[in-house]
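My notebook is open, and I want to look a few things up. Come and read along with me.

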Amino acid sequence: MGGLSYPAQKKIVLAFFLFVPLALLGMFTYYPAARLVYLSFTDWDGLGSGMSFLGFGNYKEVFTNPDLFGVFLHQIPYAIGGILQNIVAILFAVVLNSTLRGRNAFRVLLFIPYIMNGVAVAFMFQYVFDTTGGSLNALLGAIGLGSLQQSWLGNAAIVNWALAGVSVWRYLGYTMIIYLGALQSLPSDMYEAARIDGANRFQSLWHLTLPSLSRIIQLNMFLTLSGALAVFDLPFVLTKGGPAGASETFLLKTTETAFQFNNYGLASAMSVVLLLLTVLILLAQNAALGRKGRD
Amino acid sequence: MTAVTSKKKDPIQAVKYLLLIAASLVVLFPPYVVVVNAFKRENENSSPFALPESFFNFDNFRIVYERADIGHAFLNTLIIVAASLLGNIVFGTMVSYALGRLDFKGKGIVLALFLFASIIPTITTQVVLFSMIQSLGLFNSLYAPIVLFVGADVLQIYIYLQFIRNIPYELDESAMIDGASLFRIYRSIVFPLLAPATVTLVILKTINIYNELYIPYLYMPKQKLVVVSTAIMRFAGNNQAQWGYICATILIIMIPTVVLYLFLQKYIFAGVTSGAVKG
């Protein structure tokens, strides 16, 4: 190869270096995504070649059947939990960015939940939430709040909040580390100048820190909200959607529709709807931030 | 700046510690319960917070290791992680070299393809992939998760690209004057200099694959093909409320990544932050 001119080499290297990664991406991401769109207009049962076209029938079903689109209501606690998680994460990032003894130890500790195996975390919380032998009810009893004892995963009104709480427990440290990284890259002379101008701590937080974090806040909010749309692992492991479907999520329903009820056409339509909603959040955020930038 | 404003006995400083200690207790509460109960015998009917009679009672661990098939789980997980990482490193560095060092038409499109792929929820595409994996003959084999994990993803590409931009281009140029081929420049100059990024990615990817649940659950129902996530799921499903056993399983499965993290936190934090600051 060394004998070839560099422009010729470049062509060969590009073809050779990009072919396999792009082929994998096409085969296992874009082809399935395109096929999802195609299947979403059919009644494919996942088995043979027999399928007929339904037009927008599956989409109509997704939006009009409250058992399908309605389960997004179960995911509101995850979205609210996620927003609180971002606020608390910024707070802790600001705290850990200041001069403080033991701040590295706290940083390491608060990040630990993110590292833990997700299924192990789920079962850890099954023990926390267990009605009879669980540690949360035992703790409430021990500190005299026995009246608050609950069947945390068995009460339809509470189960999604309990699961959203687990999610906040698990991802708070991760979100915090991202904010902390962004804070550490801010120039310190900016604060020095603000201090000389007589700004107090809260004024610099509000007028300097938060605005300079806006891109990272946008990114984290996207991760939070798209994550809330695509909640899966926790209810899948802990409640299987129960009690009586109260903790079903849209993605859980999608996999059930495909793999239990063999209705791949409808499941594909649900997948496409989920993807479109994710894109919608991205576009809405970009539009909002774009407008702010022009002001 | 806080150092200047908080010379002595700053009340805000106390509030900060209070917040941090409260958060630490919330973080530590569930793992504490798991640790103490993993060492309790079945007949030790104490409260979930009480310490076990002995921290040298490894009965639960012994029993669980056999019954939950932990040996197979670790072995299978290790094979999947190793094979996937090999592909990740090779493909990730190749794509990043092409994007970071060579000018070509459609560069933006390639990057956009990887970026957009990252926002597609992976579980949704399984609806279609499931029949593909079956017709490729990969169902119930370790190849199924490997082909799905082996490709380069946008996080890797961004981290590698940041590193490549910091490698002076003069190195490439002087190698070219010596007549080195582009492939040789990639292999002997760029690839070795990307080692710190590779370490970061190896750790992050290992943790991600170790924690992955749905893909092994869906494609490898066979008992012999159990991985850590599915091992604990099956075992806990069959041993409802046997907390001593379940806690021992949780502990066995959690310890490897937590230990990895405590020793290599520098790389993990570097990866998490640089992955996020991409925008």
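In which crossing, left-handed or right-handed, does helix 1 of chain A pass helix 5 of chain B? I looked, and the crossing is left-handed. I noted the rule too: left-handed is when the near helix is turned anticlockwise from the far one by less than a right angle, and right-handed is when it is turned clockwise.

Before going on, I wrote down that this is a predicted model, where local features need pLDDT of at least 70, side-chain atom pairs count only at pLDDT 80 or more, and totals for chains, interfaces and linings use all residues. Residues are numbered from 1 along each chain as its sequence is written, while chains are lettered from A and ligands numbered from 1 in the order in which they are written.

**Entry: the helix pair.** Two packed helices are described by the angle between their axes and the distance between the axes. Next I looked up who meets whom: A:Leu18, A:Leu25 and A:Thr29 from helix 1 of chain A meet B:Val110, B:Leu113, B:Phe114 and B:Ala117 from helix 5 of chain B. Contact here is C-beta atoms, placed from the backbone, within 7 Å.

**Entry: chain A as a whole.** I found 13 helices and zero strands in chain A. Both are DSSP runs, numbered from the N terminus: helices are H or I with at least four residues, strands are E with at least two. The C-alpha trace of chain A spans about 75 × 75 × 45 Å along its principal axes. Of its 295 residues, 44% count as buried, which means 20 or more other C-beta atoms, placed from the backbone, within 10 Å of a residue's own; 12 or fewer is exposed, and in between is partly exposed.

Entry: I stopped at the peptide bond from A:Gly242 to A:Pro243, which is cis, with omega near -5°. A:Pro243 sits in the loop between helix 11 (233-238) and helix 12 (250-259) of chain A. A:Ala244 is found in that loop as well. I noted a positive phi of about 50° for A:Ala244, although it is not a glycine. A:Ala244 is exposed, with 8 other C-beta atoms within 10 Å.

In chain B I looked up B:Asn140, also not a glycine, and found a positive phi of about 55°. B:Asn140 lies in the loop between helix 6 (122-135) and helix 7 (143-149) of chain B. B:Asn140 counts as partly exposed, with 15 C-beta neighbours inside 10 Å.

Note on methods. Two residues are in contact if their C-beta atoms, placed from the backbone, lie within 7 Å.
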